Amino acid sequence: MNESAQEDIAIQFRALAAREKLQYMHAYAKTSTIATILAPLLCIPLYIDSTDALLFNAWFALMAAVVIARFFLIRAISHSDDVERNLVRLNIAVGIVTFVWGLGWFIFVPTSEPVEYLLYQIISLTVLFVGMVGYCVNWKTFFAFVLPLKMPELFYIVFHHEVIIWPIALGSMVALYLALKMGFLFSKSWEKSFSLRLRNDALVDQLIAEKNASI
């Protein structure tokens, strides 16, 4: 009976934690919508003259499509609905946008131009660390955010290894490893903090109930 009760408590805690995480990430996703729209627009003055017009237009059209899809996926999230379904919507919403940013490695970075390589590396790392602020609380969502962003870079490094600036490439892969590790650890730390907060709230409620009973 005791084991069954503990299992029920664990299930309830996971459900409460998932709902709390969803609320936090959903709020962040909504507030970052403007940045998601503006960031691709900033690529116009950066790359429109140095990139093949057909490739640039295709990338920009694809980015516009996924940003619109992200907007509707975020709007479809309702905290009264199934939490797991909403988390899947959120994971898809953040993943499709970062995947198009990842594709930029094969569009905006000519293999013979180290300056362009460094510039897109800065853009990629900026997107990565901005996303850490909002999605580290749930490691699945953070993985859905970061892997579509950085895996295309890994393929770019493999395909163009002869012209890659290796110290920068290795540093980027180390940053990816640290980001994934930090995301996982931060998610566990957040769950522990949330558990303590629930216990403190339960203790306060108990003390209030005892005070009322004594009165």
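## Overall make-up

The protein chain folds into eight helices and zero strands, where helices (H or I, at least four residues) and strands (E, at least two) are DSSP runs numbered from the N terminus. Read from the N terminus, the order of elements is α-α-α-α-α-α-α-α. This is a predicted model, in which local features need pLDDT of at least 70 and side-chain atom pairs count only at pLDDT 80 or more, while totals for chains, interfaces and linings use all residues. Residues are numbered from 1 along each chain as its sequence is written, and side-chain values use heavy atoms, with hydrogens and water left out.

Of the 215 residues in the protein chain, 37% are buried; buried means under 20% relative accessible area, exposed over 50%, and partly exposed in between, with a 1.4 Å probe and protein chains only. Contact here means heavy atoms within 4.5 Å. Among the contacts in the protein chain with a separation of 6 or more, 73% are accounted for by residues 24 or more positions apart.

Let's turn to the helix pairs. Two packed helices are described by the angle between their axes and the distance between the axes. In this work, axes are lines fitted to C-alpha atoms, for helices over the stretch in contact, and angles run from 0 to 180 degrees between N-to-C directions.

Helix α2 (residues 33-47) packs with helix α3 (residues 53-76) at an angle of about 175 degrees, and their axes are 10 Å apart. The two are therefore roughly antiparallel to each other; angles under 35 degrees count as roughly parallel, over 145 as roughly antiparallel, 65 to 115 as roughly perpendicular and the rest as oblique. On the α2 side the contact is made by T33, T36, I37, P40, L41, C43, I44 and Y47, and on the α3 side by F56, W59, F60, M63, V67, R70 and F71. By class, this contact of α2 with α3 has 12 nonpolar, two polar and one charged residues. For these classes, Ala, Val, Leu, Ile, Met, Phe, Trp, Tyr, Cys and Pro count as nonpolar, Asp, Glu, Lys and Arg as charged, and the others, Gly among them, as polar.

## Helices α3 and α4

Helix α3 also meets α4: their axes come within 9 Å and cross at roughly 165 degrees, and the two helices are therefore roughly antiparallel to each other. The crossing of α3 past α4 is left-handed, a term used if the near helix is turned anticlockwise from the far one by less than a right angle (right-handed if clockwise).

From α3, the residues W59, L62, M63, V66, A69, R70, L73, I74 and A76 meet N86, R89, L90, I92, A93, I96, V97, V100, W101 and L103 in α4. The residues of this contact divide into 16 nonpolar, one polar and two charged.

## Helices α6 and α7

Helix α6 (residues 114-135) and helix α7 (residues 139-159) have axes that come within 9 Å and cross at roughly 165 degrees. That makes α6 roughly antiparallel to α7, and α6 passes α7 in a left-handed crossing. Y117, Q121, S124, L125, V127, L128, G131, M132 and Y135 of α6 touch T141, F142, F145, V146, L149, K150, E153 and Y156 of α7. Sorted by class, the contact of α6 with α7 has 11 nonpolar, four polar and two charged residues.

Buried residues in α6 include Y117, Y120, S124, V127, L128, G131 and Y135. An α-helix has 3.6 residues a turn, so residues three or four places apart point the same way. V130, also in helix α6, is partly exposed, with a relative accessible area of 44%. V130 and S32 are 98 residues apart in sequence, yet 9.6 Å apart in space, C-alpha to C-alpha.

## Two buried asparagines

N91 sits in helix α4 (residues 83-103) and is buried, with a relative accessible area of 18%. Leaving aside neighbours within four places in sequence, N91 is in contact with K140, T141 and A144. N91 and K140 are 49 residues apart in sequence and 7.8 Å apart in space, C-alpha to C-alpha.

N138 lies in the loop between α6 and α7 and, at 10% relative accessibility, counts as buried. Not counting residues up to four places away in sequence, N138 touches K21, M25, L87 and S187.
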